[in-house]
Amino acid sequence: MTPLLEIKDLHASVGDTPILKGINLTINHGEIHAIMGPNGSGKSTMSYVLSGRDGYEVTGGDVLMNGQSILEMEADERARAGMFLAFQYPVELPGVAGMSFLRAAVNARRLDKGEDEID
Amino acid sequence: MAATLETIETLEQATGKYKYGFVTDIESDKAPKGLNEDIIRFISAKKDEPEWMLEWRLKAFAVWQKMDSPDWAKLDIPPIDYQDAYYYAAPKTSDGPASLDEVDPELLRTYEKLGIPISEQKLLAGVVAVDAVFDSVSVATTFRDELAKAGVIFCPISEAIREYPELIKTYMGSVVPVADNYFSALNAAVFTDGSFVYIPKGVRCPMELSTYFRINEQNTGQFERTLIIAEDSSYVSYLEGCTAPQRDENQLHAAVVELVAMQDAEIKYSTVQNWYPGDENGKGGIYNFVTKRGACRGDRSKISWTQVETGSAITWKYPSCILQGKDSVGEFYSVALTNNFQQADTGTKMIHIGEGSRSTIISKGISAGRSQNCYRGLVRIQPGAENARNFTQCDSLLVGDRCGAHTVPYIVSRNPSAKIEHEATTSRISEDQLFYCLQRGISEEDAVSLIVNGFCKEVMKELPMEFAVEAQKLIGISLEGSVG
C-alpha cells in the first residue's frame, strides 16, 4: 500500500539560511504522527514547506503524497489534493462571512473533481 | 435643382419641419466632425426640439466657450481636441453582427463570466436578431403599461422635452446649472439623450427602472442627460449601466444627472459602470467625466447614490446631495476599482443646509496594477444646518505594489452643533490572507476576488439584487491579472 505521505531527504531554506537539513518521514494511511522539538527547530517551517507557502525554498529532496510528488504544485493545488494546514493564529478576512468562505472552498474542490458547484 | 429638393424632402421627413438654412446632410448617420453652432442646431433639429431648447443649448455653448478645462484633479489627462469628435451619431441598427458567432470572442467570454443570459448578450453585442429585438420590445411594452397605470413617466429625455416642456423648463438645470463646470456646460450644449423620470405624489414606483428597459433607440450615449423628479411621498429606484464592457469609439462621456426629491420622497440611484478601460498598457479607453447631483428639496427627503465603477480609463465624478430640507438624508456608497493604468478621482459632496440633515459616505477604493485611485469628498455644514450629522468612512485597498491610493477629504463646518465623523483605512491584501485561502483550496484569482468582495460588502449590499450579483462577478473579472 502506497504511503499517504513520504518526505525524502528534504532540505529547505529561508533566504540564505538552511532550516531543514535532510528530513525523512513516512506516514501510512490511518497513522497519526506528532512532530516535537525545541523552539526554532523547524517544525513550523516543515508545515509551511509541505503546504507550499511562499518564501521557502526547497534545496533538495522530495515530498510525495500517495506516490505523487507535490513540490511542483502550487499551494492551492496541494490543498485540493488533500493537504490541510490548521493555522496557529487564524486569519480573519474582513467582510467575508464564514459560510461564503466555506462555500468557496468546497466549490473549489468540487470543480477540481469535475463536479457541479453548490449554492 | 433636383438635388436641393431631395435634401429638403429628406430634411422634412427627418425633422418634421424645415427649420434652418443650413444644408448639412441630415439624413446621414453622423453630424460632421467638430463642435460649433451649426452642429448644435443639427442635433436640436435631429431631435425635433422646440425653439426654447435650442436657445438653451446655444446659451450653454457660449458659456462653455469662455471656460477653461479644470486641472485640479489628481488625474493625468491628455489634452482633448474637442473639434476632433462627432457630436451626433445615429443609432446602429442594420450594421450589427448577424449572430453571436461574429462577435469578438473576448467579449463573449466576459459576458459568460458575468452570467449574462444569451438574449441579453445578443442585445448588448448589437446582434440583429429578430427574437432578441422582439423580446425587448414586448417586455418594454408590458412595463410601460404598468408604469402608465401608476402615473409614472419614464421616457427618453428627448421625448420629455417635446411632451412635458413645463417639467423640463422647471427642473432641467436647476440642480446642475449650466455654468456649474466645464463639462456640465458642454453637456448642456450637446447632450444627446438620457432618461426622464417623473413620479407623482404618493406613488411608489411599482418596479425598478433601468436604462436597459428604456428603449433607447438613439443609442448615442456620449453626452447623456438624465432628470428624475420625485414628488411628495414618492419612491423610485433607478438602475443605470451595464456590467458588460461597453466599447465605444466615442472617447469622452460627459453626462449630467439631476435628481429632485420633494417632501418625504426617496430616490435610489444605482450605477454599475464598466466602460472600456483601455488595454493593459493604458492605451485607449473611455473618459467618464460626469456631474451627478441630487437636491433633497423637501423635508425628510432622501437620495441615495450607489456606484460600482470598474471601467473607464479615467473616472471623474462626484455624485452629490444638496440637503435643503429639514431632516433630509443623503447617502453615498461607492466601490471604485482601478487596474492596469486606469485613473480615478471620485467621491461625493454632501452640502448640509437644512436642520437635522444627515449624510452617510462609505467609499471603498481598490487600486491594482499601476493605477491611481483618489477619493475626494466634501462635507459642508452651512450655518443654518442645526444638529446636522455626517458619517464618512473611506477605505483603500492596494493590490500589488505598483499602484496608488489617495484620499482628499474636505470638511467645512460653519455650525458648532454639527457632528461629523470620519474614518479612513488603507490596507493591502496580506500574504497571510492569501495563503489562508490558497491552503483551503481556493485559487489565487478566486482568493483575491473573495477578499475584495468582502472588502466591498458594505457597499454591495446597497445595490439592488440583480446588480449586486453581477457587480460581484465584475469585480473579480476586473482584477484579473492584477496579482503576481
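Trainee: Is Val260(B) buried or exposed?
Mentor: Val260(B) is buried, because 25 other C-beta atoms lie within 10 Å; a residue is called buried if 20 or more other C-beta atoms lie within 10 Å of its own, exposed if 12 or fewer, and partly exposed in between, with C-beta atoms placed from the backbone. This is a predicted model, in which local features need pLDDT of at least 70 and side-chain atom pairs count only at pLDDT 80 or more, while totals for chains, interfaces and linings use all residues. Residues are numbered from 1 along each chain as its sequence is written, and chains are lettered from A and ligands numbered from 1 in the order in which they are written.

Trainee: Which strand is Val260(B) found in, then?
Mentor: Val260(B) belongs to strand β7 (residues 256-261) of chain B, where helices (H or I, at least four residues) and strands (E, at least two) are DSSP runs, numbered from the N terminus.

Trainee: And what is Val260(B) in contact with?
Mentor: Leaving aside neighbours within four places in sequence, Val260(B) is in contact with Tyr171(B), Val175(B), Ile229(B), Ala230(B), Ala295(B) and Arg297(B), a contact being two C-beta atoms, placed from the backbone, within 7 Å. Under the same exclusion, the contacts of Ala230(B) include Ile199(B), Val236(B) and Val260(B).

Trainee: Switching to α3(A), which of its residues are buried?
Mentor: They are Ala104(A), Ala105(A) and Ala108(A). These cover an arc of only 95° around the axis, which puts them on the same side of α3(A); the arc is that of the directions from the helix axis to the C-beta atoms.

Trainee: What do those buried residues pack against?
Mentor: The buried residues of α3(A) pack against α2 (75-81) of chain A together with α11 (444-455) of chain B, whereas the face turned away from the buried side carries the exposed residues Gly98(A), Met99(A) and Leu102(A).

Trainee: How many residues of chain A are in contact with chain B?
Mentor: There are 18 residues of chain A in contact with 18 residues of chain B, and the elements giving two or more residues to the chain A side are α2 and α3 of chain A.

Trainee: One more topic: what order do the 8 strands of the open sheet take?
Mentor: The order is β3-β5-β8-β10-β13-β15-β17-β19 (chain B), with parallel pairing, and two strands pair if DSSP finds at least two bridges between them. At the edges are β3 (209-210) and β19 (419-428) of chain B, each pairing on one side only.
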